[in-house]
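Trainee: I've got a model open and I'd like to learn how to read it, one feature at a time. Can you walk me through it?

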Amino acid sequence: MNKFKKVLNFHFFAGTLLLVLSCTEAEPKKGENNMTHKKEFFTFHIGKTPILAELAILPKEREKGLMFRDKLKPGTGMLFIFKSATPQKFWMKNTRIPLDIGYFSSNGALKEIHAAKPFDLSGVPSRSKKIQFVLELNLNDFRGQDLKIGDRISLEDIRIAIRKRGLDPKDYLTD
C-alpha cells in the first residue's frame with residue numbers, strides 16, 4: 001500500500017506541474033510577424049490627392065485591419081498590400097466604423113469602391129479577379145476626397161512605404 005501511495009503522489013505531482021506549466025503565457029516571438037511597431041502613417045497619392053494610411057502588409061496586420069477602432073480621421077485609412085493580384089473579399093468582423101473599400105489593380109488603378117457596414121460578416125467581394133491593393137477609408141470618403149474609378153495610386157509611394165517598413169518592394173511590386 002505504501003508503494004501505491006508513492007506512485008499516486010508522484011502522478012498527482014507530475015499532473016499538477018504539467019497543468020501549471022500549460023497555463024503560463026508563452027513569450028511572443030521576435031521578428032517581423034510580431035506587430036510591435038506603433039501606428040505609422042504613410043502618404044499615398046491617388047491622382048493628386050494625398051491620403052494618409054497605415055500599411056497592412058504582413059499577414060497578422062491584414063488579418064487585424066481596422067478592427068476595434070472607434071473612428072478614423074477624414075482622409076486617413078489603411079492600405080492593404082498583397083504579394084500578387086487575386087480576387088479579394090473583405091469583411092467587417094469587429095470593425096465598428098462604416099467604411100468604403102477601394103479595390104486597386106497591380107498597376108495602381110482604382111477598379112471598384114464598395115460600402116461596408118460595421119460588423120458585417122458577409123464580406124465585400126471584388127468583382128475583379130486581379131486586385132493587389134485595397135484601401136479602406138471612412139464611408140463616403142472616396143467621394144469626399146474626389147476619388148473616382150480609374151484614378152491611380154502612386155506605386156512609387158507604395159514602394160517607399162514598403163522600404164520604410166524594412167521590407168523589399170520587389171516582393172510586392174512587379175515593375
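Trainee: Let's begin with a helix start: which side-chain oxygen reaches to the backbone nitrogen of E156 at the start of α4?

Mentor: Keep in mind that this is a predicted model. The oxygen belongs to S154, and it comes to within 3.3 Å of the E156 backbone nitrogen.

Trainee: And what follows α4 at its other end?

Mentor: Look at G166: its phi is positive, near 85 degrees.

Trainee: Now the helix itself. Which residues of α4 are buried?

Mentor: The general idea comes from helix geometry: with 3.6 residues a turn, residues three or four places apart point the same way. Here α4 spans residues 155–164, and its buried residues are L155, D157, I158, R159, A161 and I162.

Trainee: What covers those buried residues?

Mentor: Strands are part of the answer: the cover includes β1 (41–46), β2 (49–56), β3 (76–86) and β8 (131–138).

Trainee: So how do I read the sheet, and in what order do its strands come?

Mentor: You get β1-β2-β3-β8-β5-β6, six strands in an open sheet with mixed pairing. The edges are β1 and β6 (110–116), each of which pairs on one side only. From one strand to the next, the twist averages 35 degrees.

Trainee: Zoom in on one pair for me. Do β5 and β8 run parallel or antiparallel, and how many bridges join them?

Mentor: They're antiparallel, with six bridges joining β5 (residues 99–104) to β8. For a landmark, find L99, which stands opposite N138 in β8.

Trainee: Where does α4 touch this sheet, and what angle does its direction make with that of β1?

Mentor: α4 packs on the sheet and touches β1, β2, β3 and β8. The angle between the α4 direction and that of β1 is about 165 degrees.

Trainee: What about D146: where is it, and is it buried or exposed?

Mentor: D146 lies in the loop between α3 (141–144) and α4. Its phi is also positive, near 60 degrees, and again the residue is not glycine. With a relative accessible area of 52%, D146 is exposed.

Note on methods
Residues are numbered from 1 along each chain as its sequence is written. This is a predicted model: local features need pLDDT of at least 70, side-chain atom pairs count only at pLDDT 80 or more; totals for chains, interfaces and linings use all residues. Side-chain values use heavy atoms; hydrogens and water are left out. Buried means under 20% relative accessible area, exposed over 50%, partly exposed in between (1.4 Å probe, protein chains only). Helices (H or I, at least four residues) and strands (E, at least two) are DSSP runs, numbered from the N terminus. Contact means heavy atoms within 4.5 Å. A polar contact is a pair of N or O atoms within 3.5 Å; within protein, one must be able to donate a hydrogen and the other to accept it, and residues adjacent in sequence count only if both atoms are side-chain atoms. Two strands pair if DSSP finds at least two bridges between them. Axes are lines fitted to C-alpha atoms, for helices over the stretch in contact, and angles run from 0 to 180 degrees between N-to-C directions.
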